[in-house]
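Subject: Structure handover and findings

Hi,

Here is the structure I promised to pass on. Please open it first, then read my notes below.

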Amino acid sequence: MSDGTKVIQKSALGSDTTQIGEQNNYYGMTAEEASNLAIKLFMDNFPRLQEEAKKIAEERAEELCKNIVDKLKKQGKTNFSEFSDPDIQYILNKSHQEYARFGTQTLHDLLSDLIVNRINYDNDYYMKILLDEAVEIVKSLSEVHLNYLSLIFLCKETRMNSINSIDLLKEHCEYICSKMPITNGIESSVPFLYMLRLLTISLGNADEVYAKKYNLDIGKVKEILPLAMNSIPGDYSLTPVGIIIAIINIHNKTNLNLDFKIWIKSV
């Protein structure tokens, strides 16, 4: 089409494919179109509310959607056609509903990261199922629950190559406990997390795990561990959904960089 003819054709719900000449090609859905579609979907399907509550719900939907789109754009994404997929629309709408109801910053951060990963792993069936389940669960978790999940994960599932002495282990444990503090509620956390299917059987108390992992004296390890670490249940570790939530919480609160796929293998 060397004459500069403009052709517009539909390619996805809420988007146009525009081609002018042979130079400018755009396929899919823009970030703005994706946001508008997601917010409209949410407002059309959310229960009818009084005007003030409706305004708050819409503001929260816009806030969450903007954060999701901004994170995807930072990753270099330019085509947002996934937002027109019924599967993505369902879980995106679910996240909007939960944030509209509860509105906490922690839930906002968790849901935005979960949806970003849900879009990124859209071709991985197993990860899709796990991330969908995580979106359903996170609204039920307090800061204590989230931090406890993360401490259990770091204790039982990771090994830091930089740790080769009791002092370095002490420094590491104090750092993660300072970033993810647990001041109360430890006793009730284990049965609650187990009820939500975030824990699975895996033997070993924190002092035993760390002593074996770093070849350190178990007595000295027990002495230097913060209370929250010493309370980690010896008979439980995390399920795959628990791992996903724990890692996202760790990303949001520490400088540790962890990749889901190291611990979660597709089946």
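Asn215 is exposed, because its relative accessible area is 71%, over the 50% cut-off. Asn215 sits in the loop between H9 and helix H10 (218–224). Its phi is near 55 degrees, a positive value, and Asn215 is not a glycine. Most residues other than glycine have a negative phi.

Please keep in mind that this is a predicted model.

Arg197 lies in the loop between H8 and strand S4 (199–201). With a relative accessible area of 56%, Arg197 is exposed.

**Overall picture**

The chain has 267 residues, and buried ones make up 48% of them. It holds 13 helices and five strands. Take the contacts with a sequence separation of 6 or more: residues 24 or more positions apart account for 72% of them.

**The core**

Nonpolar side chains tend to be buried together in soluble globular proteins. Here the largest nonpolar core has 87 residues. Which members touch the most other members? They are Phe83, Met229, Ile244 and Ile245. Helix H6 gives the most to this core, with nine residues.

Leaving out residues up to four places away in sequence, Met229 touches Leu151, Cys155, Cys173, Ile176, Cys177, Ala206 and Tyr210.

Now select Ala228, which lies in helix H11 (residues 227–230). Ala228 is buried, because its relative accessibility is 8%, under the 20% cut-off. Cys177 is 51 residues away along the chain, yet the C-alpha atoms of Ala228 and Cys177 are separated by 7.5 Å.

**H6 against H9**

Helix H6 covers residues 143–157, and helix H9 covers residues 206–214. Their axes come within 9 Å and cross at roughly 35 degrees. On the H6 side, the contact uses Leu154, Cys155, Lys156 and Glu157. On the H9 side, it uses Ala206, Val209, Tyr210 and Lys213. By class, the contact has five nonpolar, no polar and three charged residues. Cys155, Ala206 and Tyr210 are also among the residues that Met229 touches.

**Aromatic pairs**

How many aromatic pairs does a search of the whole structure find? It finds four. Two are described here.

One is Phe153 with Trp263. Their ring centres are 5.0 Å apart and their planes stand at 70 degrees, so this pair is edge-to-face. The pair links distant parts of the chain, with Phe153 in helix H6 and Trp263 in helix H13 (residues 260–263), 110 residues apart. Are the two partners buried or exposed? Phe153 is buried, at a relative accessible area of 0%. Trp263 counts as partly exposed, at 22% relative accessibility.

Another is Tyr194 with Tyr236. The ring centres of Tyr194 and Tyr236 are 5.3 Å apart, and the planes are at 45 degrees, so the pair is tilted. Tyr194 lies in helix H8 (residues 186–195) and Tyr236 in strand S5 (residues 236–238), so the pair ties together parts 42 residues apart in sequence. Tyr194 counts as partly exposed, at 45% relative accessibility. Tyr236 counts as buried, at 16%.

Asp259 is in the loop between helix H12 (240–253) and H13. Asp259 is partly exposed, with a relative accessible area of 38%. Ile248 is eleven residues from Asp259 along the chain, and their C-alpha atoms are separated by 9.7 Å.

**Where to look**

- Met229, for its place among the residues that touch the most other core members.
- The H6 and H9 crossing, at roughly 35 degrees.
- Phe153 with Trp263, for the edge-to-face pair.

Best wishes

Definitions and conventions
Residues numbered from 1 in each chain as written. Predicted model: local features only at pLDDT ≥ 70, side-chain atom pairs only at ≥ 80, totals over all residues. Heavy atoms only, no water. Axes fitted to C-alpha atoms, helices over the stretch in contact; angles between N-to-C directions. Helix = DSSP H or I, 4+ residues; strand = E, 2+ residues; numbered from the N terminus. Contact = heavy atoms within 4.5 Å. Nonpolar A, V, L, I, M, F, W, Y, C, P; charged D, E, K, R; others polar. Core = buried A, V, L, I, M, F, W, Y, C linked by side-chain atoms within 4.5 Å. Buried < 20%, exposed > 50% of the residue type's maximum accessible area, 1.4 Å probe, protein only. Phe/Tyr/Trp six-rings, centres within 6.5 Å; stacked < 30°, edge-to-face > 60°.
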